Amino acid sequence: VFFFLLTKVMKSPSTRPVRRAWEIASQILAKPVVGNRLSALVPSAFAPTSEDDIEIAGHLRWMEQKDILGQDMLLLGPPGALRRHLALRFCESLGREAEVLTVTRDTTEADLKQRRELTSGPDGTHTTYSDSMPVRCALMGRVLILDGIEKAERNVLPTLNNLLENREMALDDGRFMIAARRFDALAGDTSGFERVHDNFRVIALALPCPPCVGNPLDPPLRSRFQARVIAPPIVTSAPGPQIPEGLVRRLAALQKAINERALGTVTLPGARLPAFS
């Protein structure tokens, strides 16, 4: 019923300026596609359209600005698929390869660095190391999406501190990853060093704790990210001559009730309702 009423509101002639604003916001985000579109790791079917909400377009524009500055991002919001959808849509818009690492309470340091494995061959058993998802993304210039970092134990995520801040990490197999500018400045033998790609980015997805269940991020780790609150979409239309004001108020009240049901009694910063005049 909610979406049926919302569709009637948005089809009204008085909401044409709002739809036009959506189109302008989407045009601002239109950029030439870079990267390899043929790669299976580039998300598909997430690209923005002219029907996108103006707030969604604003989130994507903010993410693009942080990417240009070479900064990692933290998307904080209520439970739901909106944060992951934004991250995948951002990667598709720029043609960037992405890998999603779902963080749980069982995530260990080996899942973030390297996993040691025993392989048997004709000449006996050997110990080998396989790169984890963060290491692969750093070396190949992909976007690493950390989904649910509030679920990780406190002694796990600090493993990524140096990789996030200085783009450096010591691997268990003896190699050492360093930032691209430092690697390019090395003279002579570079054996044992691995170059972290310039395009490597990290997008972390988290729930607010409290009120949600999870562990709050440690201040040193939190300072590595540029954070943005991803609030649920709101009804942005204003009442016009052909839209009863009571209908718009009921839609806004219904949306507020749905948001409070998902978040409890706590309201996230930025979760706002439209102003009526």
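Predicted model: local features only at pLDDT ≥ 70, side-chain atom pairs only at ≥ 80, totals over all residues.
Q: About how much space lies in the largest cavity?
A: Rolling a probe the size of a water molecule over the atoms shows where empty space is left. The count here comes to 2 cavities of 30 Å³ or more. The space in the largest cavity is about 80 Å³.

Q: How do the residues lining the largest cavity divide into nonpolar, polar and charged?
A: Let's look at who is there. The lining includes Ile149, Ala152 and Leu157, and also Glu153, Arg154 and Asp218. Asn215 is part of the lining too. Sorted by kind, the lining residues come to 7 nonpolar, 1 polar and 3 charged.

Q: What is the volume of the second largest cavity, and how many charged residues are in its lining?
A: Leu146, Ile149, Leu157, Leu160, Leu164, Leu221 and Phe225 line the second largest cavity. Its volume is about 40 Å³. The lining divides into 7 nonpolar and no polar residues, and the number of charged ones is none.

Q: How many salt bridges does a search of the whole structure find?
A: Now for charges. Side chains of opposite charge can pair when their charged atoms come close. A search of the whole structure gives a total of 20 salt bridges.

Q: Which residue forms a salt bridge with Arg96?
A: Arg96 sits in the loop between α4 (82-94) and β2 (98-102). Its partner is in helix α3 (residues 54-68), 29 residues apart from Arg96. The closest N and O atoms of the pair are 3.2 Å apart, and the partner is Asp67.

Q: Is Asp67 buried or exposed?
A: A residue counts as buried when its relative accessible area is under 20%. Arg96, the salt-bridge partner of Asp67, has 9% and so is buried. Asp67 has a relative accessible area of 10%, so Asp67 is buried.

Q: How far apart are the closest N and O atoms in the salt bridge of Arg115 with Asp111?
A: Arg115 has 38% relative accessibility, so this residue counts as partly exposed. Arg115 forms a salt bridge with Asp111, and the closest N and O atoms are apart by 2.2 Å.

Q: Why does the pair of Arg175 and Glu194 tie together separate parts of the chain, and how many residues apart are they?
A: Arg175 and Glu194 form a salt bridge, with the closest N and O atoms 3.2 Å apart. Glu194 is partly exposed, at 24% relative accessible area. Because Arg175 lies in the loop between β6 (169-170) and β7 (176-178) while Glu194 is in strand β8 (residues 193-195), the pair ties together parts whose separation in sequence is 19 residues.

Q: Which strands stand at the edges of the open sheet of 3 strands?
A: The order of the strands in this sheet is β6-β7-β8, with mixed pairing. An edge strand has a single partner strand, so one side of it is left without a neighbour in the sheet. The strands at the edges are β6 and β8.

Q: Which residue in β8 does Ile178 stand opposite?
A: The strands β7 and β8 run parallel, and 3 bridges join them. Across from Ile178, the residue in β8 is Arg195.

Q: What percentage of the residues of the chain count as buried?
A: Let's finish with the whole chain. Its secondary structure comes to 9 helices and 10 strands. Among contacts between residues at least 6 apart in sequence, 71% join residues at least 24 apart. Of the 277 residues, the share that counts as buried is 42%.

Notes:
Residues numbered from 1 in each chain as written. Heavy atoms only, no water. 1 Å grid on protein atoms, 1.4 Å probe; cavity = no way out; pocket = protein on both sides within 12 Å on 5 of 7 lines; lining within 4 Å. Points joined across faces, edges and corners; volume = space filled by probe spheres on them. Nonpolar A, V, L, I, M, F, W, Y, C, P; charged D, E, K, R; others polar. Salt bridge = Lys/Arg side-chain N within 4 Å of Asp/Glu carboxyl O. Helix = DSSP H or I, 4+ residues; strand = E, 2+ residues; numbered from the N terminus. Buried < 20%, exposed > 50% of the residue type's maximum accessible area, 1.4 Å probe, protein only. Pairing = 2+ DSSP bridges. Contact = heavy atoms within 4.5 Å.
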